[in-house]
Protein chains: 2
Amino acid sequence: MVQPVTWQSVQAEALRRIRDREWPPGSMIPNEADLAAEFGCARATVNRALRELAAAGLLERRRKAGTRVPVNPVRKATFEVPIIRHDIEGRGKAYGYRLLEVATGVPPEPVRAVLRLGPRARLLHVRALHLADGAPWCVEDRWINPAAVPDLDTADFAAMSANEWLVRNTAFSSGGIEFFALPADAGLAGLLGCPPGAALFGAERTTWAGMLPITAVRLVYAPGHRMVTAI
Amino acid sequence: MVQPVTWQSVQAEALRRIRDREWPPGSMIPNEADLAAEFGCARATVNRALRELAAAGLLERRRKAGTRVPVNPVRKATFEVPIIRHDIEGRGKAYGYRLLEVATGVPPEPVRAVLRLGPRARLLHVRALHLADGAPWCVEDRWINPAAVPDLDTADFAAMSANEWLVRNTAFSSGGIEFFALPADAGLAGLLGCPPGAALFGAERTTWAGMLPITAVRLVYAPGHRMVTAI
DNA sequence: CCCGCTATTATGTATGCACATATTATCGCT
DNA sequence: AGCGATAATATGTGCATACATAATAGCGGG
């Protein structure tokens with residue numbers, strides 16, 4: 001009995017041909033039916049293998065036109081957006097948390113802009129400090145739209161960070177993240193225990209439930225933080 | 001004639017049930033066969049829909065155990081790693097490039113460490129400045145392993161950046177990226193036109209062909225740079 | 001009561017087929 | 001030659017089926 005050709009094996013072989021330039025950049029590769037015949041498998045198997053390679057940016061597929069190896073492959077990397085507590089605990093450190101401020105108010109203009117809110121919208125403002133082994137890890141500065149989070153008044157942000165509470169209690173559909181560097185101002189320097197002007201790694205996220213803005217958050221990490229991902 | 005139920009429509013409905021908490025976090029969802037019967041489609045169609053949701057971190061699937069909605073969904077975001085020239089041109093700016101240095105030598109210890117090379121390995125060191133509309137955009141500081149790049153001596157890094165040349169001319173299989181913030185030293189400040197100590201956004205990539213290290217590169221961007229991605 | 005074997009079950013995947021869809025190539029007409 | 005209708009073609013997707021695989025539950029023996 002012959003063992004079946006798996007889509008993984010087809011994918012691995014296709015990847016090898018791309019890497020070894022048997023299928024040179026810019027060239028067309030054989031069509032699915034031919035490859036299926038060559039590998040001795042069904043076309044659906046080839047299809048799945050190539051589809052995933054195309055999703056990863058290693059092939060370009062167009063109906064009728066066929067499949068080609070792109071000249072300039074655009075590599076796609078995936079990274080996970082974990083709950084901060086899990087991130088810290090996953091590094092073998094003890095998690096700590098300090099709530100700094102909870103208040104309702106009108107957010108500053110940049111926050112209103114990214115959430116596409118009018119000048120009179122009142123949001124819940126939560127600031128907190130996350131700690132790893134007792135040392136400052138990151139500052140969370142968040143604005144939450146009560147209109148998009150029905151149970152918001154039941155949340156106790158002294159007991160659970162807004163980060164974790166929102167992940168558990170809201171249903172979000174889309175959003176964006178931006179990463180950047182910023183100098184520590186006096187407030188950040190005090191909280192993170194670093195000199196003013198230190199180079200800090202920051203991330204800003206916005207999350208939406210359809211057209212409804214849920215939250216905008218800025219996370220600023222203590223000096224030396226690195227975001228790591230595989231490619 | 002009834003139009004077939006597409007895997008996209010099944011996926012959309014599953015996503016709705018997760019978001020609307022019809023399938024609450026932590027709960028099991030019906031098995032594929034039951035869902036197929038409910039939607040009036042084949043199990044393979046349900047499988048594909050749910051498989052992709054699981055890949056996105058919105059479901060957890062285990063054989064025999066079934067499929068559940070995770071309590072703490074780990075969102076996965078993908079970002080593209082473009083050629084720097086394309087990145088700049090895609091923002092509607094004119095691309096410019098200045099080669100700063102090409103030399104062969106022994107890399108500093110941190111570079112040797114990430115590439116797992118011995119203390120005597122000699123690599124090609126390339127430094128260059130990328131410009132957008134004439135203004136400094138990012139500094140590229142790269143070490144290339146000649147043993148992994150056969151045609152390296154044919155490359156003219158004055159005409160094409162090492163970034164782009166390597167994307168076109170090497171077959172890499174895996175790698176990693178790290179993002180971080182760093183203060184501008186005197187050299188970076190001079191190249192990027194910013195004061196020393198300014199907070200800069202940096203990225204370090206390593207790429208491999210199997211077990212063979214190809215290149216390690218540090219990119220440091222001019223102040224204000226933001227890396228943007230959708231989630 | 002504990003351990004290990006076995007049966008069960010849900011997902012994972014391969015197959016052959018059919019048809020849909022997008023795109024290109026070609027043919028015929030003016 | 002130019003243009004538009006039409007045929008051809010590669011990928012995209014759905015279906016029914018079969019079997020593989022992993023993990024659990026349950027049973028039996030010690």
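Strand E5 (residues 123-132) and strand E6 (residues 135-144) of chain A run antiparallel and are joined by nine bridges. Strands (E, at least two residues) and helices (H or I, at least four residues) are DSSP runs, numbered from the N terminus. The model is predicted: local features need pLDDT of at least 70, side-chain atom pairs count only at pLDDT 80 or more, and totals for chains, interfaces and linings use all residues. Residues are numbered from 1 along each chain as its sequence is written, while chains are lettered from A and ligands numbered from 1 in the order in which they are written.

**The sheet with E5 and E6 of chain A**

- A:Leu131 has A:Pro136 in E6(A) as its bridge partner.
- Helix H6 (residues 162-169) of chain A packs on the sheet and touches E5, E6 and strand E9 (212-221) of chain A. The direction of H6(A) makes about 50° with that of E6(A). Axes are lines fitted to C-alpha atoms, for helices over the stretch in contact, and angles run from 0 to 180 degrees between N-to-C directions.
- The open sheet has seven strands in the order E4(A)-E5(A)-E6(A)-E9(A)-E8(A)-E7(A)-E10(B), with antiparallel pairing. Two strands pair if DSSP finds at least two bridges between them.
- Strand E4 (95-105) of chain A and strand E10 (226-230) of chain B each have a single partner strand, so one side of each is left without a neighbour in the sheet.
- On average, neighbouring strands of this sheet are turned by 15° against each other, direction ignored.

**Helix H6 of chain A**

- A:Ala162, A:Asn163, A:Trp165, A:Leu166 and A:Val167 of H6(A) are buried. Buried means that 20 or more other C-beta atoms, placed from the backbone, lie within 10 Å of the residue's own.
- These buried residues pack against helix H4 (84-90), E5, E6 and E9 of chain A.

**Where chains A and B meet**

- Contact is made between 42 residues of chain A and 41 residues of chain B. Two residues are in contact if their C-beta atoms, placed from the backbone, lie within 7 Å.
- On the side of chain A that touches chain B, the elements giving two or more residues are strand E3 (75-81), H6, strand E7 (174-183), strand E8 (199-209) and strand E10 (226-230) of chain A.
- E7(A) gives the largest share of that side, nine residues.
- By class, that side of chain A has 24 nonpolar, nine polar and nine charged residues. Ala, Val, Leu, Ile, Met, Phe, Trp, Tyr, Cys and Pro count as nonpolar, Asp, Glu, Lys and Arg as charged, and the others, Gly among them, as polar.
- Five bridges pair E7(A) with E10(B) in the antiparallel sense. A:Glu178 stands opposite B:Val228 in E10(B).

**The sheet with E5 and E6 of chain B**

- A second open sheet of seven strands has the order E10(A)-E7(B)-E8(B)-E9(B)-E6(B)-E5(B)-E4(B), with antiparallel pairing.
- E10 of chain A and strand E4 (95-105) of chain B are its edge strands, each pairing on one side only.
- In E6(B), B:Trp143 is the bridge partner of B:His125.

**Around DNA strand D**

- DNA strand D is surrounded by 24 residues, and the closest are A:Asn31, A:Glu32, B:Thr6, B:Cys41 and B:Ala42. A residue is near the strand if its C-beta atom, placed from the backbone, lies within 6 Å of it.
- H3(B) gives the most, with four residues.
- The surface near DNA strand D has eight nonpolar, six polar and ten charged residues.

Note on methods. Buried ≥ 20, exposed ≤ 12 C-beta atoms within 10 Å, placed from the backbone.
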